[in-house]
Amino acid sequence: MQKMQRNNLKPRLKEKYQKEVIPQFLDDQNFKNYLEVPKIDKIVLNTSLSKAIENTKILEHASEVISKITGQKPIIKKAKKSIAAFKLRAGMPIGAKVTLRGNLMYEFLDRLISIVLPRIRDFRGLSTKAFDGRGNYTIGISEITVFPETQTEETVFGLEISIVTTAKNDEDSRKLLEKLGFPFKK
């Protein structure tokens, strides 16, 4: 099997960040040099499946779907506590998680903004209330079928996408994400 050769092209969104966003932050605000400008550090995709308690094949399938979407193999998360009401024991596999950094992160973010979000039914923009107070932003997607890679999927599950930034506060983080093209509600 031949190894895939990666081209040395920068992702479109990374180039936009370097050529447009950094100069805008340096002009508009009180940042003295480009190292102080907020940037996206990582993106974490997470899913939890309650059906995985009864059937572990569902979790394996979800793991394959997430790896199609991200291009990276997820790790399987296990339950930390036992909960008798849910028939859950500590150590049982219950979810999957992927952390994206670098070029894969920018490529995923570009596809999220330009392809996935417009495909969400009755989409009127992202909420500005999903910031955590430290400059991080979380998006919840209820159906995985909005991703083009999952057109033929029978199993539907939700996905939580957390965007971790180096911004010190929510206002700087929101400005960063807006300049990168995030469609926030007005």
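**View 1. Asn46 pairs with Glu160, its bridge partner in strand β5.** Strands β1 (residues 40-48) and β5 (residues 159-165) run antiparallel and share 6 bridges. Two strands count as paired if DSSP finds at least two bridges between them. This is a predicted model: local features need pLDDT of at least 70, side-chain atom pairs count only at pLDDT 80 or more, and totals for chains, interfaces and linings use all residues. Residues are numbered from 1 along each chain as its sequence is written, and side-chain values use heavy atoms, with hydrogens and water left out.

**View 2. Strand β1 also pairs with strand β3 (residues 93-100).** The two strands are antiparallel, with 6 bridges joining them. Val44 has Thr99 as its bridge partner in β3.

**View 3. The whole chain holds 4 helices and 5 strands.** From the N terminus, the order is α-β-α-β-β-α-β-β-α. Helices (H or I, at least four residues) and strands (E, at least two) are DSSP runs, numbered from the N terminus. The C-alpha atoms fill a box of roughly 55 × 45 × 35 Å along the principal axes. Of the 186 residues, 38% are buried. Buried means under 20% relative accessible area, exposed over 50%, and partly exposed in between (1.4 Å probe, protein chains only).

**View 4. The largest pocket has a volume of about 340 Å³.** Its lining has 20 residues, and the closest to the pocket centre are Tyr17, Val37, Pro38, Lys39 and Thr166. Helix α1 (12-28), strand β1 and helix α3 (102-119) each supply at least two lining residues. The most come from α1, with 4 residues. By type, the lining divides into 11 nonpolar, 3 polar and 6 charged residues. Ala, Val, Leu, Ile, Met, Phe, Trp, Tyr, Cys and Pro count as nonpolar, Asp, Glu, Lys and Arg as charged, and the others, Gly among them, as polar. A pocket is an open set of points on a 1 Å grid over the protein atoms alone, where a 1.4 Å probe fits, with protein on both sides within 12 Å along at least five of seven lines; lining residues have an atom within 4 Å of a point. Grid points are joined across faces, edges and corners, and the volume is the space filled by probe spheres set on them.

**View 5. Phe108 and Phe147 form a stacked aromatic pair.** Their ring centres are 6.2 Å apart, with 20 degrees between the planes. Phe108 lies in helix α3 and Phe147 in the loop between β4 (137-141) and β5, so the pair ties together parts 39 residues apart in sequence. Both Phe108 and Phe147 are buried. Rings of Phe, Tyr and Trp (its six-membered ring) pair if their centres lie within 6.5 Å; planes under 30 degrees apart count as stacked, over 60 as edge-to-face and the rest as tilted.

View 6. Tyr137 is in strand β4 and Phe184 in the segment after α4 (170-180), 47 residues apart. Tyr137 is buried, at 2% relative accessible area. Phe184 is buried too, at 6%. Ring pairs join Phe131, Tyr137, Phe182 and Phe184 into a cluster.

**View 7. The charged end of Lys179 sits over the ring of Phe25.** The distance to the ring centre is 4.7 Å. A charge sits over a ring if NZ of Lys or CZ of Arg is within 6 Å of the ring centre and within 35 degrees of the ring normal.
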